[in-house]
Amino acid sequence: MAMTPRLEMRQGQSLVMTPQLQQAIKLLQLNNIELTSFVEQELERNPLLQDPGTDGAVGREKAERSDGFDDEPVKEMSIDAAKPGQAEADSAMDARYEDMHGEDGVSDRSPPADTTPASAMDVGGGSLGAMGNGGSSKFEDMDLSLENTLSNEASLRDHLSAQLNIAVLEPTVRIVAQTIIDSLEPDGYFRETLEDLAERLGCDTEVAASALVAVQGLDPTGVGARDLKECLLLQLREQDRCDPAMQAMVERLELLGKQDYPALMRECGVDEEDLIDMIRELKRLDPRPGLQFETETAHTAIPDVLLRQTADGGWSIELNPETLPRVLVNNRYYTEISAVTKKAEDKTYLTECYNNANWLVKSLEQRANTIMKVATELVRQQDGFFAMGVQYLRPLNLKTIADAIGMHESTVSRVTSNKYIGTPRGIFEMKYFFTASIPSTGSGEAHSAEAVRHRIKNLIDEETPKAVLSDDRIVEILKADGVDIARRTVAKYREAMRIPSSVQRRRAKRMQLDMAR
């Protein structure tokens, strides 16, 4: 067989993921915090990008921008209440972008000079002038920002260390005790064993035990405990309430969790009245004493889409302007630099920056439009939920939304991940509205799994101690309402909501009645 070189021509198709396409997909699935961080990194990396917030002249920004979002990047959407099932979602989705003016980018003209008299603004010179106070200023060196007006709450470590500094202890025990304080969990528990602590510090186990006793004697009572039982016993001893019966109940917390009160009375050797008093005392204890010094602030989710009801009963949808980062391409700066650039590598770098800047602006615009399309169709599909509550939530999947707006399911999945919508009923993640379907007993429409869970919870909340509903009884009630559901499904939903069984609920309700007497 002869081996000779030859030329061949083949034709084929392949999907090439360009860097720009990868960036567009990445932007689509970022939440508002991640998107803001990404845009800030691009502003630092690309000299041709500019944050419009850094330009003081808003009018000049609008007149000389190249590309980017206007103050209202996407037009507010309205869904007519008289046509909630209209399939043509695109007809209500005209994006409003401000017309581009010329080819110049951001202007480099200086703002007009300040003509305010010096006597009216000379705060540092001893006059408050325009502030209406003729005395000398004492605020010149003060930082009056909001951050500096917040109080600095003491942490658990600081609180315990301050007490340890005035405690009478041997130097070695004090050092080990400080190490234990530094090793405490945020809830105040000490998870490490004394043997591991002694080996890590190179000390005797007796010294580590003495240091742990010293830490457990500090305020708040219960810190330094190695488990829940020890935490509760420390607090009971401090209140002089750690009698044999109470100690027996603490040692058998699993029975209390199961609400097996007859077995608990046998183990503790007390009657029902004494057991009720013991449970009351136990509930007054703090199972996580360190959390009262927790300084971390809970952050509220910021919605990406805002929904409000109009006067005619329809819905108005708009993107949240606070979560939309805006960037401009500085065409003027690009023109000036291009004119004086001589080296080929510099021209290549400048062209690359210019193309990346324009692509970023287009990607942000496309992201905003896609979110708006998905949110509009989502509100159209779940109109009953927004108008009347969770019991009217419809079963919905990604394919239904994708087919309605002409996009792929993966695109809808990226849009709804980590995105929130602010509604009159609260802030919800967009994924919340995609629920499984539970069939109907008749020929009616299927029911949403989330709506059925809500119905089960309401039935259990409304039950009385004399008529506690079993899972079988809940199935009968739901089937009478047209929901074809199995008992194991009811049990699964109940356990997912952390609702005890009917036996445990009956015991708990009876105990609550006895405790209320």
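The chain contains 22 helices and 9 strands; helices (H or I, at least four residues) and strands (E, at least two) are DSSP runs numbered from the N terminus. This is a predicted model, in which local features need pLDDT of at least 70 and side-chain atom pairs count only at pLDDT 80 or more, while totals for chains, interfaces and linings use all residues. Residues are numbered from 1 along each chain as its sequence is written, and side-chain values use heavy atoms, with hydrogens and water left out.

**Overall packing**

- Of the 517 residues in the chain, 37% are buried, where buried means under 20% relative accessible area, exposed over 50% and partly exposed in between (1.4 Å probe, protein chains only).
- Among contacts with a separation of 6 or more, 64% are between residues 24 or more positions apart; a contact means heavy atoms within 4.5 Å.
- The structure holds 0 disulfides, a disulfide being a pair of cysteine sulfur atoms within 2.5 Å.
- C231 is buried, at a relative accessible area of 0%, and C242 is partly exposed at 24%.

**Nonpolar cores**

- The largest nonpolar core has 30 residues, and V305, I401 and F433 touch the most other members; such a core is a set of buried Ala, Val, Leu, Ile, Met, Phe, Trp, Tyr and Cys residues joined through side-chain atoms within 4.5 Å.
- At least two residues of this core come from each of β3 (305-309), β4 (315-319), α15, α16 (383-388), α17 (398-405) and α18 (409-416).
- Helix α15 supplies the largest share of this core, with 7 residues.
- A second, separate core of 23 residues includes L255, A263, L275 and M278.
- Neighbours within four places in sequence aside, I401 is in contact with V374, E377, L378, Q381, L396, V412 and F434.
- I421 lies in strand β6 (residues 420-423) and is buried, with a relative accessible area of 1%.
- Not counting residues up to four places away in sequence, I421 touches P303, V305, L307, V379, G426, I427, F428 and F433.
- The C-alpha atoms of I421 and I302 are 8.4 Å apart, although 119 residues separate the two along the chain.

- The buried residues of α2 are N32, L35, F38, V39 and E42.
- Seen down the axis of α2, these buried residues fall within an arc of 120 degrees, so they line one face of the helix; the arc is that of the directions from the helix axis to the C-beta atoms.
- This buried set packs against α1 (19-29), β1 (49-50) and α15 (344-381), whereas I33 and E44 are exposed on the other side of α2.
- At the start of α2, a side-chain oxygen of N31 comes within 3.3 Å of the backbone nitrogen of I33.
- In helix α10 (residues 244-251), the buried residues are A245, M246, A248, M249 and V250.
- These α10 residues pack against α9 (228-238), α11 (253-257), α12 (261-268) and α13 (272-283).

**Polar contacts of buried residues**

- T435, in the loop between β7 (426-429) and β8 (437-438), is buried with a relative accessible area of 12%.
- The side chains of T435 and S448 are joined by a polar contact of 2.6 Å; a polar contact is a pair of N or O atoms within 3.5 Å, and within protein one must be able to donate a hydrogen and the other to accept it, with residues adjacent in sequence counted only if both atoms are side-chain atoms.
- S161, in helix α5 (residues 156-165), is buried at 10% relative accessibility, and its side chain makes a polar contact of 3.1 Å with the side chain of Q178.

**Backbone features**

- The peptide bond from D219 to P220 is cis, with omega near 5 degrees, and P220 is in the loop between α8 (205-216) and α9.
- D240, in the loop between α9 and α10, has a positive phi of about 60 degrees although it is not a glycine, and D240 is exposed at 68% relative accessibility.
- Q259, in the loop between α11 and α12, is a residue other than glycine with a positive phi near 60 degrees, and Q259 is buried with a relative accessible area of 15%.
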